[in-house]
Amino acid sequence: MIEIKNLVVEIEGNRILNGLDLTVNDGEVAAIMGPNGSGKSTLSYVIAGKEDYEVLDGEILLDGQNILELEANERAQSGVFLAFQYPLEIPGVATMSFLKAILNAQLKARGEAELSTPDFLRRVRGAADKLQIDQDMLKRALNVGFSGGEKKRMEILQMALLEPRFCILDETDSGLDIDALRIVSEGVNALRDGKRSFLVITHYQRLLNHIVPDTVHVMSKGRIVRSGGKELALELEASGYADYETEAA
Amino acid sequence: MSTEAASTLPAARLFPAEERLVEHFRNLKPDLPDDESGRLRRDAAIARIERDGLPNRRVEEWKYTDLRTLLREAAAPAPRPDARVAETARADARVLAELEAVRIDFVNGHLVAAGDAPAGVTILPLARALEESHPALADFDAVEVARGNALIDLNTAFLGDGVIVHVSAGRQAGAPLHLRLVNRGEAPFATAVRVLVIVEKGAALTIAESHEGDVAAQPNTLVEFVLGDGAKVEHVRINAEAAGALALSTVTAMLGAESNFRSVNLVAGGSASRHQVFLAYGGENAHATVAGVTVISGEEHADTTLVVDHAVPGGESRELFKTVIDGDATGVFQGKIIVRQDAQKTDGRMMSAALLVSPGATMNNKPELEIWADDVQCAHGATCGELDEELLFYLKARGLPQAEAAALLLQAFVGEALELVSDETMREAMNALAVKRLENRS
């Protein structure tokens, strides 16, 4: 279970999160929707441990442990995974070497043995096939020259390999055409196992037709201002965010 | 006032560096093997050093690397090692040991062994070529923009040994050549090795050059390439000299029409170095790729200086240099692309990128374009920065600890230039040396 309590966050003196409370239960897919600038991406970065932000108050509990005290890599090792809105290109790092490095780092942190090369290749190929990632993509430098859709599929591939406890998808639908959206969504849905928790951040309702959430939360001015079931997303699609931008002001 | 002061100075004021070099030259002269023209060449070179003095920071091309200061303790040339020392040095040589190649071994700057040349290739000891006044000697100093360079003059004056490699027209050398230069000893010494590589029309050669040792040597090597039309050369150089070494090196290449030249240098040793590359396009539509990786720390100093001279139409040049600087080390990149009036349709791109991983690190980047033709594409870039925080966060968010994330990014940074080495064994060996050096930084 993930419990975020009274989270207050600033960056360069600007308050972005303003006493945010949110609980995501085991196996739950929680969607966060909200207008631009409401603090959605900040929330994802703060959970993942980006250092640019100053946490003034509150806590983030992952199965009871306050992860705010952990470094970003320790949070990842505890099972937090952030699928980036804009995955970074790393020239000179072959995708396969990168996947091996991150998988082994996590196995090592859990005190497990590193995978043999054949086992590693088998796991990557299995996961890659499901996401229609071909061998050629795996041979290239990480994300370099990848299309928007390819980058997002590569994020989901990493998620599938690392088997995190808590997945955050930050605007994973941005820049995707309908086919890529379907492939990525199927990749995410395949990881829903009744135990793993998801936080799906999106501006549009479209993604939620493919990844159907259990709960929908509306964020405005750095707080959750309304929560409901999946029908709330449809309501927002019809009415827009105008009400929320004024409501919290 | 100033003219009065100047007139009281001696015509040529010699500093300790020049004084030592002139004295070393006098001691060396009686033992030299060369013919009359060879002697004249040496005398002319040392006369220029005596007359003009060594270049120092007041000379534009040497602003960041003061040769006069670096050579203040100029050592005497190394004597020929005895057979036992030579054998041990060869047996202990480690760099590129895994490469299947024809070895040409120099110990303390003296040619001590050369394997059997592959079919179509001849390997001629330079001492013999000098004695015989071999016609190939006419191919020396083919690149005009390199003439008068102080490192080349020093190499000419003190020339100790070398080889002439010749690949016959249309032949593909079956195995790579490996010039292995090993320095062994207690006290510092200087070496001056010269290699001339002539690759005739349509021929191809892969050649590696490695420098290693256990002594603070002062090697000065000059490797000159002459490529015939359509010839193809891949060259790598590895500086894995011992701590304290001062490595001076020059590569020149004269490119025939449609020829292809590739040279990648790795600085992973020594305390101070200057590596110079002079390229001249003698025939149309030639292509050259020149790259380098430098990993330095402590008080080290590494200079890469490049001059690319496009004199004829259609030439392509690609340069990529990567420098990682830790501690209080200093990196220097000077790159100049000249496009002469006739060199229309030239396509030149030069990039130097440096990562400063400590507050005391310094990088001097000086890219220059000198363009006289009007229909050309030339670009240059120079960057200097720290490790990207966003990339570090991305890797940490995947579970890599800070140190491992930084190491991966540094490897990637230098890897981009090492990827330009086409020979897989060489590329992997260079990568391993760079990684080891990155792991041992500070």
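Which residue of β16(B) does Ala302(B) stand opposite? Before I answer, please keep in mind that this is a predicted model, in which local features need pLDDT of at least 70 and side-chain atom pairs count only at pLDDT 80 or more, while totals for chains, interfaces and linings use all residues. Residues are numbered from 1 along each chain as its sequence is written, chains are lettered from A in the order in which they are written, and side-chain values use heavy atoms, with hydrogens and water left out.

The residue opposite Ala302(B) is Gly331(B). Strand β14 (residues 301-310) and strand β16 (residues 330-339) of chain B pair in the parallel sense over 10 bridges, where strands are DSSP runs of E of at least two residues, and helices runs of H or I of at least four, and where pairing takes at least two DSSP bridges. Both strands belong to an open, mixed sheet of 9 strands in chain B, ordered β3-β4-β6-β8-β10-β12-β14-β16-β18. Because β3 (121-125) and β18 (362-371) stand at the edges with a single partner strand each, one side of each is left without a neighbour in the sheet.

Let me turn to the interface, where 17 residues of chain B are in contact (heavy atoms within 4.5 Å) with 34 residues of chain A. In chain B, Phe393(B), Tyr394(B) and Arg398(B) lose the most area to chain A, together 40% of what that side buries, buried area being the accessible area (1.4 Å probe) that two parts lose on being put together, summed over both. For the two chains this area is about 2,000 Å², and carbon and sulfur atoms give 67% of it.
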